[in-house]
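My notes follow in the order I made them.

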Amino acid sequence: MAAELKTFKGGIHPPYNKELSSGKAIAEAPIPDELIIPLQQHIGAPCAPLVSPGDKVKVGQKIGEAEAFVSAPVHASVSGTVKSIEEVANFTGAMVKSVIITPDPQQEAFSGTPRDTENLSQEELRGIAREAGLVGMGGAAFPTHVKLTPPKEKPVDLVIINGCECEPFLTCDHRLMLERPEDLVKGLKLLMRAVGAEKGIIGVEANKMDAADALRSASASEPSVSVEILEVKYPEGAEKMLIFALTGRKVPPGKLPSEVGCLVQNVGTAIALHEAASTGKPLYERVVTVTGPGVKNPGNFLTRIGTPISTLIDAAGGFVGSPTKLIMGGPMTGWAQPDAGAAVVKGTSGVVVLTSDLVDLGEESECVRCSKCVDVCPMFLMPNFIVQATKRAQWDKAEMWGALDCFECGCCSFTCPAYIPHVDYVRKAKAEIAALKKK
Amino acid sequence: MATNKLIVTPPPHLRAKENIPISMRDVLIALSPAVVAALVVFTWNALFNIALCTVVAILSELLMRKLMKRKPTLNDYSAVVTGVLVAMVMPAKIHWVMLVIATFVAVGIAKELMGGLGRNLFNPALFGFVFVWLCSGFIASWAGNLGILPAGFDGAVAATPLAYLKHGTFSSMPHPSYLGLLFGHPRGGALVEVGSFWVLLGAAYLLYRGVIRAAIPTAIVLTVLLLSYILGKDGVYAILAGGVMLGAFFMATDWVTSPMTLFGQIVFGVIIGVCIVLIRTYGAPSGAVAFSILIGNAFVPLLDKVFKPQRFGAVAAA
Ligand code: SF4
Ligand code: SF4
């Protein structure tokens, strides 16, 4: 059975542990006493603040904007008062200028203007995506309107919704597909219109058949939309892997999906586009899975951007057992946190609390050339040689072995018996190579 | 709240349940059927040899690590694996001095002096074996003069079933049956020659556990089989006799000293297979597997470069 499902070559089967939260309906997270809204939550230029301390803001009001094309505005996620604008450490530890908002005790609902989405032009849809501050909500947070502007000479014929959610533990996309299949299909249709694609595919991993069924009935009357089932394997949802699994098209090294006529979007982003287009609602809240053996009641929470992790942990009943790692994002690619102070941003898909039994901190030793990393690398690189070159500071060699093509999925480190943190080395190599190229 | 104990490391935050000690333990488990068979057949002789080699392997690692001011890594079990392998490939009746030399050369020189596990080019156990094998004439005559070694040391391997392969006939024995070979009849000179069946049993476990991949052993065994037939020899006999199975599944698959890509591994296996047949046919009947694998080892850096995998999407999808 597994052999018949669409997939890619390489990859791994980590422990998924999705059952902790996959059955929990999306619930609203409480509003914290204070929200930290970073002015840069995306790839690209940071925003300049549009408000000053003391200003009153309304929910959905734009509070940060940048001139640059590759950027996305940010919006207030609550109504309240701007307390201050200061540099705050974000989830990666980087200091980012952020707007601190004290919410009003009485929150009014966002009031948008309903709009007929039937006749929106490509130009209008791009404008809506930008105005709403849409970014890829799977983690990378690439501005959506940029993705919706593919190069003229590369027409896009296929929009793919990444419903794989191949990261272990996370279930926010699963819940969205299950609870809001119609909105997702509408969002997909808008994405197709925005880039002029005739076809749309929603790719769902085989461990979410209930979501696939919901989507099939929601798209029954849409001949241009199909739902495809993929093998449960990590990283099935990586853009290049997903495109290959569904279409057989291979995005060349260093190129974007538009090269092969595809656009890949995240489930949350597609739904957010539908909301932005139909009501004008900007991206100021998202679903975050709060889970792991280290929290009492794992769940999926509709969370205002800027909510600190600690509020979500409380919403999930607090810590239990011995929390050893607090991860923002999924356990394969997420960021370990020193404390629960960091704020949820547009790209935050989950907060995962691992207990000591799931954390294996072996000591890094010399590579024993077992070739397991080579076997699992979905980009067909030789991760061990990238590491070796990085250790020796041979940046040309690191590039030769494919450091720039590594998309940091972590399969290599997952399987490495020598506990080598390849992703860490790759990041180092990428930074050095980029610095050299600038010279 | 326990937030002050949170650990911050780079992703990924999940790991497969594997590491070097687990894998090395798997290799020891996989060797156990052959070891037990050797104990049954050679009794005290086997026990002594295996125990001696294991102890010397451990001491060699400790000594060399101390001399080179490196942290001891005994807990990765790799020294034990090498020790057991040396004991298995050496003739059972060999003088214990030879065992000590072979094991020390294997662990102390071929592994530790080369930089430790992961940096060595040659399979340590085979390096130790071949070292002694090449030097044995010299050592034997030298030690023989001193009266240390019993006479007939290098005769220990001469009368094994392998001689049949070179000469095509046994002067003193009937043609051995394949089934007999599987279970060690007639008996060879080395501990491991108690039957390929026991080796294969362990090999199946290694494959099942994912410690080794099938490419290298398959390439070796098929090459030996086919090339033997082409040269007019008994191919099945060729793969069942001597150390082909142990070499193919336990030694050529050594992580450190084998290529890392599928194609590299296949070519590596073919090189070794060809060398085994040629050496057995035109050279010495015994020791061919060991020499062949060491020759293959020398090609590994080249094979890794030449058979670097084609990056995903590197050729435009035609
Ligand atoms: S080298 Fe990069 S792309 Fe390949 S497995 Fe490792 S992290 Fe993933
Ligand atoms: S998985 Fe680790 S030990 Fe094995 S080859 Fe890769 S880097 Fe080396």
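**Entry 1**

I began with V264(A), which lies in strand β12, residues 262-266 of chain A. Strands here are DSSP runs of E with at least two residues, helices are runs of H or I with at least four residues, and both are numbered from the N terminus. This is a predicted model, where local features need pLDDT of at least 70, side-chain atom pairs count only at pLDDT 80 or more, and totals for chains, interfaces and linings use all residues. Residues are numbered from 1 along each chain as its sequence is written, chains are lettered from A and ligands numbered from 1 in the order in which they are written, and side-chain values use heavy atoms, with hydrogens and water left out.

Is V264(A) buried or exposed? I found V264(A) buried, at a relative accessible area of 3%. My cut-offs were under 20% relative accessible area for buried, over 50% for exposed and partly exposed in between, with a 1.4 Å probe and protein chains only.

V225(A) came next. It sits in strand β11 of chain A, residues 225-230. V225(A) is buried too, with a relative accessible area of 6%. From V225(A) to E198(A) I read 9.0 Å between C-alpha atoms, across 27 residues of sequence.

**Entry 1: a loop residue**

I looked up E34(A) in the loop between β1 (27-28) and β2 (35-38) of chain A. E34(A) is partly exposed, at 30% relative accessible area. Its C-alpha atom is separated by 19 Å from that of G93(A), 59 residues away along the chain.

Which residues does a cis peptide bond join in chain A? I noted Y234(A) and P235(A), with omega about -5 degrees. P235(A) is in the loop between β11 and α6 (239-247) of chain A. In chain B, a cis peptide bond joins P11(B) and P12(B), with omega about 0 degrees. P12(B) falls in the segment before α1 (20-42) of chain B.

A141(A) has phi near 60 degrees. It lies in the loop between α1 (122-131) and α2 (144-147) of chain A, and A141(A) is buried at 4% relative accessible area. S371(A) has a positive phi of about 70 degrees. S371(A) is in the loop between β17 (350-355) and α9 (372-376) of chain A. At 4% relative accessibility, S371(A) counts as buried.

**Entry 2: cysteines**

C262(A) is buried, at 2% relative accessibility. C367(A), by contrast, is partly exposed at 22%.

**Entry 3: the ligand sites**

The list includes C377(A), C406(A), C409(A), C411(A), C412(A) and E408(A). The shell of ligand 1 divides into ten nonpolar, one polar and one charged. Nonpolar covers Ala, Val, Leu, Ile, Met, Phe, Trp, Tyr, Cys and Pro; charged covers Asp, Glu, Lys and Arg; the others, Gly among them, are polar.

Around ligand 2 I found 13 residues, the closest being C367(A), C370(A), C373(A), C416(A) and H422(A). The shell of ligand 2 divides into nine nonpolar, three polar and one charged. Why do I call the site of ligand 2 shared between chains? Residues from chains A and B surround ligand 2, so the site is shared.

**Entry 4: overall layout**

The domain assignment of chain A, automatic or from a database, gives domain 1 (31-102 + 284-358), domain 2 (121-279) and domain 3 (372-438). I read 30 Å between the centres of domain 1 and domain 3 of chain A, taken over C-alpha atoms.

Chain B has 13 helices and zero strands. Of its 318 residues, 55% count as buried.

Key: A residue is near a molecule or strand if one of its heavy atoms lies within 4 Å of it.
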